[in-house]
Each structure stands twice: as C-alpha cells, then as structure tokens.
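Here is a short report on one protein model. Please look over the sequence and the fold before reading on.

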Amino acid sequence: MQAETESQDFSKYLRRLRRDLSILLRELAEIAGVSPSYLSRIENGMVPASTGILKAIADGLKISRAELLERAGRIVNKGVTKEDWQYFRMKIDEGEIDIR
C-alpha cells in the first residue's frame, strides 16, 4: 500500500512540475522518446517509468536527474552523510554514475 501511495505522489509531482514549467504533455513525451499516452499513464500512476525514461524526462524538464530519481524512489539515502549524498547526486547529474 505504501508503494502505491509513493507512486501516486510521484505521479502528481511529475504532472505538477511539467505544468508549472508550461511544457505540454506531447512535447515532453517527444523529448523523452515515449508516446503521449504512455507519459499520461506515468503521470496518472498507471505504469512506472523506467530509469532511462526518468532520466530523459528530467533532461526534458531541465531539472536534476538525481532529483527526479530520488523523488521516484529510485535512489534513497540510507544513512549517507549530507556531503557524500550531494556528491553522489552531482555525479549522477554529470553522468559519471549510471543508475539503471
């Protein structure tokens, strides 16, 4: 049940973020390399997005890949120091660490 709630929270976050940035669903879908209907299903919590699609969405929204992966629950800080976590996130954004 908690995983379903987290998925719905992420879906709402993603849709709100896209709208706040005034990016149309079909525009982001094209950038992410998915169909508009598939992106809509992601935004409605009907299907999970792969890590690759999340990275493409982050790039399309011009936000941190690490931020989006963290919001989606793909990366989780389990007791790492703040400095180490920031370094880890920076390396993801630079493409030096690949999350699959």
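## The nonpolar core

The largest nonpolar core has 25 residues, and those with the most contacts inside it are Leu14, Leu39, Ile57, Leu61, Leu68 and Ile75. A nonpolar core here is a set of buried Ala, Val, Leu, Ile, Met, Phe, Trp, Tyr and Cys residues joined through side-chain atoms within 4.5 Å. Buried means under 20% relative accessible area, exposed means over 50%, and partly exposed is in between (1.4 Å probe, protein chains only).

This is a predicted model: local features need pLDDT of at least 70, side-chain atom pairs count only at pLDDT 80 or more, and totals for chains, interfaces and linings use all residues. Residues are numbered from 1 along each chain as its sequence is written, and side-chain values use heavy atoms, with hydrogens and water left out.

The largest share of the core, 6 residues, comes from α4.

Take Leu14 as an example. Leaving aside neighbours within four places in sequence, Leu14 is in contact with Ile42, Glu43, Ile57, Leu61 and Leu68. Contact means heavy atoms within 4.5 Å.

## Two packed helices

Two packed helices are described by the angle between their axes and the distance between the axes. Helix α2 (residues 25–32) packs against helix α3 (residues 36–43) at about 105°, and their axes are 8 Å apart. The axes are lines fitted to C-alpha atoms over the stretch in contact, and angles run from 0 to 180 degrees between N-to-C directions. The two helices, α2 and α3, are therefore roughly perpendicular to each other; that label covers angles of 65 to 115 degrees.

On the α2 side, the contact is made by Leu25, Arg26, Leu28 and Ala29. On the α3 side, Pro36, Leu39, Ser40 and Glu43 take part. By class, this contact has 5 nonpolar, 1 polar and 2 charged residues.

## Salt bridges

Side chains of opposite charge can pair when their charged atoms come close. The whole structure has 8 salt bridges. Each is a side-chain nitrogen of Lys or Arg within 4 Å of a carboxyl oxygen of Asp or Glu. Three of them are listed here.

| Pair | N to O distance |
|---|---|
| Arg18 and Glu43 | 2.6 Å |
| Arg89 and Glu67 | 3.2 Å |
| Arg89 and Glu70 | 2.4 Å |

Start with the pair Arg18 and Glu43. Arg18 lies in helix α1 and Glu43 in helix α3, so the pair ties together parts that are 25 residues apart in sequence. Arg18 is buried, at 7% relative accessible area. Glu43 is buried too, at 3%.

Now turn to Arg89 and Glu67, which meet in a salt bridge. Arg89 is in helix α6 and Glu67 in helix α5, so this pair links parts 22 residues apart in sequence. Glu67 is partly exposed, at 24% relative accessibility.

Arg89 also meets Glu70 in a salt bridge. Glu70 lies in helix α5, so its pairing with Arg89 of helix α6 ties together parts 19 residues apart in sequence. Glu70 is partly exposed, with a relative accessible area of 27%. Salt bridges that share partners join Glu67, Glu70, Arg71 and Arg89 into one network.

## A buried lysine

Lys91 sits in helix α6. Is Lys91 buried or exposed? Lys91 is buried, with a relative accessible area of 13%. Not counting residues up to four places away in sequence, Lys91 touches Glu96 and Ile97. The C-alpha atoms of Lys91 and Ala66 are separated by 8.8 Å, and the two residues are 25 apart along the chain.

Note on methods
Helices (H or I, at least four residues) and strands (E, at least two) are DSSP runs, numbered from the N terminus. Angles under 35 degrees count as roughly parallel, over 145 as roughly antiparallel, 65 to 115 as roughly perpendicular and the rest as oblique. Ala, Val, Leu, Ile, Met, Phe, Trp, Tyr, Cys and Pro count as nonpolar, Asp, Glu, Lys and Arg as charged, and the others, Gly among them, as polar.
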